[in-house]
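Subject: Structure handover

Hello,

Here is the structure I said I would pass on. My notes on it follow below.

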Amino acid sequence: MKNVSIYAEDEIIVNGNLLVVDGKITGVYKQNEQPKSYPSPLKIVDGSNLNAIPGFIDGHIHGANGSDVMDATEEALDSMASVLPVEGTTSFLATTITQSVENIDKALINVAKYENKRGYAEVIGVHLEGPFIEKSKKGAQPEQHIMKPNIEQFEKWQALSGNKIKTITMAPEHDEDGTFIRHLYDAGINVSAGHTSTDFAGMQKAVSHGVRQVTHLCNAMSGIHHRDIGVVGAAFELEELRAELIADGIHVSTDMLNLIYKNVGRERLILITDAMRAKCLQPGNYELGGQPVVVTEDRAVLEDGTLAGSILKLQDGAKQMLQLPEVSIQDVIEMASVNPAKQLNVFDRKGSITVGKDADILLVDHDLTIHTTICRGVIA
C-alpha cells in the first residue's frame with residue numbers, strides 16, 4: 001500500500017507505505033523509506049488522498065444481513081462476517097441474547113466449531129449478553145429466560161464455546177457478595193454491568209469485585225439523578241470502567257453523546273452497534289430472541305415500542321462521533337479499534353497499525369467514508 005496517510009500507534013505518517021505479507025503487517029514506512037525486498041507476487045494498492053486506519057472491532061453485535069448469532073448455524077455467522085467489512089468492521093464478538101439454556105447451548109457450540117473465512121470479518125469470541133440480568137431493565141431481552149448468576153452454568157457454557165466467551169453482560173445487584181463476578185474476573189472474562197438497576201454504590205462494589213465495563217451506556221440501566229448518579233454516573237466517575245456506546249443518535253441523543261464524550265473521554269469509550277438481523281436489509285417485520293420486531297428506516301422496536309437492538313453500521317456510529325466538536329479521527333480510532341482490542345485482550349494482534357499485527361486496515365477519507373477494507377491481509 002503506497003502514498004497513504006498512516007494512522008500508526010504514535011504518529012501520523014503522511015505519504016507513507018505499508019507492506020503486508022501473509023495477513024500480517026510486516027513494514028510501516030515513511031515517505032522516502034522502502035522495504036529491502038518485496039514478496040512475489042506483489043499487489044500494490046494506491047492510497048493517494050486516503051488515510052489508513054485500523055479496522056473496527058464490534059464487541060457487541062447480535063446479527064446483520066438477515067442472520068443472527070442465535071440462529072446457531074455456520075451460514076448465519078458467514079452471512080454476518082461477509083457483510084460487516086462494508087461498514088469497516090474487521091472483527092467482532094458474536095453476541096447471544098437471553099434465551100433458553102438449550103438455545104444458548106446451540107449458539108455457543110456453533111461459534112466453537114466455526115472457522116473464520118479469508119476476506120471476512122473475524123469472529124474473535126462471544127459476548128454472552130444475559131441471561132443473568134435484572135428483569136425490570138430487561139429491554140428487549142425475553143423475561144421468561146432470565147436467571148440468577150450461576151457459576152456452574154457459566155462454566156458449562158464456557159466449555160461449550162471452546163473457551164471463547166470473552167465478555168459477559170450481567171446485573172451486579174444479583175451477585176451481592178461478588179462471588180460470581182470475582183470468579184469470572186479471575187478467569188480473564190470481561191465482566192460488563194448491563195440491564196441493571198443498581199445504584200452508584202452498587203457499581204462501586206461491583207468494580208471492587210471485578211466489573212470493568214458498562215454495556216450500551218445509558219440504555220437499560222439507572223441514569224444520573226440528583227440524589228444518586230447511578231450506573232451512568234459510575235461510567236463517568238470510575239476510572240476502572242470502559243463503556244460501550246451505541247452512537248446512532250437514537251439510543252443516545254447527540255447532546256448526550258457530547259456530554260458522555262466530555263466526561264468519559266476517548267480512552268474509556270467503546271463504540272458498538274448492538275445490531276440485530278435487520279441491519280443491511282429493508283424496513284419490515286423481523287424477530288429478536290423469538291420476539292417480533294418492527295424495523296423502520298432508522299430503528300428497530302418491539303411491539304410496545306421498546307428499542308430492540310439497532311440497525312446501526314459501525315462506520316455510521318464513527319461518523320456520528322466525528323461530528324462532535326472535540327472529536328478527531330485519532331479519537332474515533334481509540335473508541336472503535338484501540339479500546340475494544342485492549343478490553344478484549346487482543347491488542348497484541350489487533351487494534352492498531354504496527355508491525356507484527358493482523359493486517360486489519362481501512363482506507364478512509366477525511367469524513368471516514370470507507371473506500372477499502374482489508375481483513376487479515378485480504379481485500380474484503
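How many bridges join strand β1 to β4, and do the two run parallel or antiparallel? Strand β1 (residues 4-7) and β4 are joined by 2 bridges and run parallel. Helices (H or I, at least four residues) and strands (E, at least two) are DSSP runs, numbered from the N terminus, and two strands pair if DSSP finds at least two bridges between them.

Before the rest, some notes on the source. This is a predicted model, in which local features need pLDDT of at least 70 and side-chain atom pairs count only at pLDDT 80 or more, while totals for chains, interfaces and linings use all residues. Residues are numbered from 1 along each chain as its sequence is written, and side-chain values use heavy atoms, with hydrogens and water left out.

The sheet

β1 and β4 belong to an open sheet of 7 strands with mixed pairing, in the order β3-β2-β1-β4-β18-β19-β20. β3 and β20 (378-379) are the edge strands; each has a single partner, so one side of each lacks a neighbour in the sheet. Helix α9 (residues 329-343) packs on this sheet and touches β1, β2 (12-21) and β4, where touching means heavy atoms within 4.5 Å. The direction of α9 makes about 30 degrees with that of β4; axes are lines fitted to C-alpha atoms, for helices over the stretch in contact, and angles run from 0 to 180 degrees between N-to-C directions.

L42 is partly exposed because its relative accessibility is 42%, whereas I44 is exposed at 55% (buried is under 20% relative accessible area, exposed over 50%, partly exposed in between; 1.4 Å probe, protein chains only). P41 is also in this loop, and the peptide bond between S40 and P41 is cis, with omega about 0 degrees.

Other backbone points

Most residues other than glycine have a negative phi, and most peptide bonds are trans. A cis bond also leads from G130 to P131, with omega near 0 degrees. L368, in the loop between β18 (361-364) and β19 (370-375), has a positive phi near 75 degrees; this residue is buried, with a relative accessible area of 2%. N3, in the segment before β1, has a positive phi near 60 degrees.

Regards
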